[in-house]
Amino acid sequence: MTCINNYSGIGSSCISPSPIFLSRTVQRASTSLAMDRRTAATQIATTAAVLSGLPSLALADGARSAATESRARGIYGQRIAALENAVNAGDFGAVASEKNAFILFNSGAISDKAKKAAAVKGTNEIFAAIRAKDAGALKSAYAAYKKANDIKLTAVDKDAGQGYSSDYDFKARSSLGSIYVR
């Protein structure tokens with residue numbers, strides 16, 4: 001502490017150093033992991049258990065409705081129905097190139113588990129015939145698949161009226177859909 005005397009008789013003032021400017025030892029938090037193996041293993045196992053449960057949340061499908069099933073049936077069913085000429089001609093490559101249409105039809109247009117299992121079995125029979133290059137088996141499996149899943153080629157008479165009513169209709173933005181505009 002430093003004192004300054006004022007000789008004019010008014011008084012004296014004392015100045016003490018501020019605690020901000022005092023030098024003192026700074027203690028830092030330890031950056032080393034102060035835990036034993038058991039604690040570390042427990043924390044790792046807990047983290048792994050929590051993270052293993054997260055991917056199942058992404059598998060939830062809440063978008064299943066009559067509209068989505070109708071749309072899948074319309075889009076992928078038309079692609080499957082359009083294979084009729086290729087099947088009759090024995091064009092295995094054309095049918096194999098539409099494999100995704102069969103998969104997406106089975107997963108999107110059929111909600112009943114028993115019917116879906118039957119449709120997957122029918123799809124497997126079709127592709128087994130393709131792998132065996134058996135045109136007769138392909139024709140019979142394809143016909144059975146179409147009949148079991150009620151797949152028909154949709155023909156829309158554009159002169160009779162409107163081809164679709166909303167953008168969610170499967171005929172929208174396709175050759176099947178048309179809207180009469182004056």
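Helices, counted as DSSP runs of at least four residues, are numbered from the N terminus. The views below show a predicted model.

**Figure 1. Overall view of the protein chain, with its seven helices and two strands.** Read from the N terminus on, the elements follow the order β-β-α-α-α-α-α-α-α. The protein chain has 182 residues, of which 24% are buried. Among the contacts with a separation of 6 or more, 51% join residues 24 or more positions apart. The protein chain exposes about 13400 Å², and carbon and sulfur atoms supply 56% of that area.

Figure 2. A residue is called buried when its relative accessible area is under 20%. The relative accessibility of glutamate 69 is 19%, and this residue therefore counts as buried. Once neighbours within four places in sequence are left aside, the contacts of glutamate 69 are Arg64, Gly108, Ala109 and Ser111.

**Figure 3. Close-up of the packing of helix H6 against helix H7.** Two packed helices are described by the angle between their axes and by the distance between those axes. Helix H6 comprises residues 113-132, and helix H7 comprises residues 135-148. The angle at which they pack is about 160°, and their axes are 8 Å apart. An angle over 145 degrees counts as roughly antiparallel. H6 and H7 are therefore roughly antiparallel to each other. The crossing in which H6 passes H7 is left-handed.

**Figure 4. Close-up of the residues that join H6 to H7.** From H6, the residues taking part are Ala119, Gly122, Thr123, Glu125, Ile126, Ala129 and Ile130. They meet Ala137, Leu138, Ala141, Tyr142 and Tyr145 of H7. Sorted by class, this contact of H6 with H7 contains nine nonpolar residues, two polar residues and one charged residue.

Figure 5. Is lysine 146 buried or exposed? Its relative accessibility is 17%, so lysine 146 counts as buried. When residues up to four places away in sequence are not counted, lysine 146 touches Glu84 and Ile151.

Terms used. Residues numbered from 1 in each chain as written. Predicted model: local features only at pLDDT ≥ 70, side-chain atom pairs only at ≥ 80, totals over all residues. Heavy atoms only, no water. Axes fitted to C-alpha atoms, helices over the stretch in contact; angles between N-to-C directions. Parallel < 35°, antiparallel > 145°, perpendicular 65-115°, else oblique. Left-handed = near helix turned anticlockwise from the far one by under 90°. Contact = heavy atoms within 4.5 Å. Nonpolar A, V, L, I, M, F, W, Y, C, P; charged D, E, K, R; others polar. Buried < 20%, exposed > 50% of the residue type's maximum accessible area, 1.4 Å probe, protein only. Areas by Shrake-Rupley, 256 points an atom, 1.4 Å probe, with all protein chains shown as cover.
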